[in-house]
Amino acid sequence: MAILVFDFNLDLTTDVKRIHEYKRQLLNIMGIVYRYKKMKEMSPEERKANFVPRVCIFGGKAFATYVQAKRIVKFITDVGATVNHDPDIGDLLKVVFVPDYNVSVAETLIPGSELSQHISTAGMEASGTSNMKFAMNGCLLIGTLDGANVEIREEVGEDNFFLFGARADEIAGLRKERAEGKFVPDPRFEEVKEFVRSGVFGPCNYEELMGSLEGNEGYGRADYFLVGKDFPSYIECQDKVDEAYRDQKRWTRMSILNTASSYKFSSDRTIHEYARDIWRIKPVVLP
């Protein structure tokens, strides 16, 4: 695997997990496309003033017959192929998909990451464990109130977690609203879909992927995982990430507090509680 070396102060973001629509790697890459489009509309001086340099790393595997997940992987790599070779953007934005993501790769990526994305549709993640690993290593999290994010945010503090998106108790109502034709998409989301359809990321036809985010009903339609609904909140939260990253003293403090507050998620505590509350056994004192 090639090693990427970047010689500048950047925000290294990661989204490494199983590829699935509910985990919303699609929301992440759509946000990156929006960032790229805004950069292209600016002068070089404006780009440097408005954007923190960022490397966006994806990793994960899709089930062999999960066609939509494979479309998302293809889309990510196509965006990377365009962005990474755009001389106008240079080192302000890079997109990387790590092949064959596994534990060995994670051992390098997790300690080196500064922002990790845990952005599943609220109410759909059973728990998640990589977010715990990232927090323990001082990586800040951006995410929804879903799975272990809820407890992590409680432990590290609201000010040290980048929160966005609809809550779990809102999801059913939002889907009903969509089915009734009442949902009005954010203009920025429509702008990104139009940009993708323009062919800027190569000859691949992304109509099926973009089409899944449109309509009000039907299989593979109507944006079941609420990418469009959470998109405005997501990109506005990313602006807060950039703001925080510019203040390195603040970012470092947040990072330290993430590590210091993550003791609850250690395997030692978990096994101790299982032994005490479920198995009802006591430790054996060794001579």
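## The enclosed cavity

Helix H7 (residues 171-179) supplies the largest share of the lining of the largest cavity, with three residues. This is a predicted model, so please read every value here as computed from predicted coordinates. The structure holds one cavity of 30 Å³ or more, and about 50 Å³ of space lies in the largest cavity.

Which residues line the largest cavity? They are Leu-174, Glu-177, Arg-178, Phe-183, Leu-226 and Lys-229. Sorted by class, this lining has three nonpolar and three charged residues, with no polar ones.

## The largest pocket

Let's turn to the open space. The largest pocket has a volume of about 460 Å³. It is lined by 21 residues, and the closest to its centre are Glu-21, Gln-68, Ser-212, Gly-220 and Arg-221. Two elements give two or more residues to this lining: helix H3 (67-83) and helix H9 (207-211).

How many residues does H3, which gives the most, bring to the lining of the largest pocket? H3 contributes four.

## Where H1 meets H8

Next comes a helix pair. The axes of helix H1 (residues 25-40) and helix H8 (residues 187-197) come within 10 Å of each other and cross at roughly 85°. H1 and H8 are therefore roughly perpendicular to each other, since angles from 65 to 115 degrees count that way.

On the H1 side, the contact is made by Met-30, Val-33, Tyr-34, Tyr-36, Lys-37 and Lys-38. H8 answers with Arg-188, Phe-189, Glu-191, Val-192, Lys-193, Phe-195 and Val-196. The residues of this contact divide into eight nonpolar and five charged, with no polar ones.

## Asp-230, a residue in H10

One more residue is worth a visit in the viewer. Asp-230 has its place in helix H10 (residues 227-246). Is Asp-230 buried or exposed? Its relative accessibility is 4%, and because buried means under 20%, Asp-230 counts as buried.

What does Asp-230 touch, not counting residues up to four places away in sequence? With those set aside, Asp-230 touches Arg-24, Thr-144, Phe-164, Gly-165 and Ala-166.

Conventions: Residues numbered from 1 in each chain as written. Predicted model: local features only at pLDDT ≥ 70, side-chain atom pairs only at ≥ 80, totals over all residues. Heavy atoms only, no water. Axes fitted to C-alpha atoms, helices over the stretch in contact; angles between N-to-C directions. Parallel < 35°, antiparallel > 145°, perpendicular 65-115°, else oblique. Contact = heavy atoms within 4.5 Å. Nonpolar A, V, L, I, M, F, W, Y, C, P; charged D, E, K, R; others polar. Buried < 20%, exposed > 50% of the residue type's maximum accessible area, 1.4 Å probe, protein only. 1 Å grid on protein atoms, 1.4 Å probe; cavity = no way out; pocket = protein on both sides within 12 Å on 5 of 7 lines; lining within 4 Å. Points joined across faces, edges and corners; volume = space filled by probe spheres on them.
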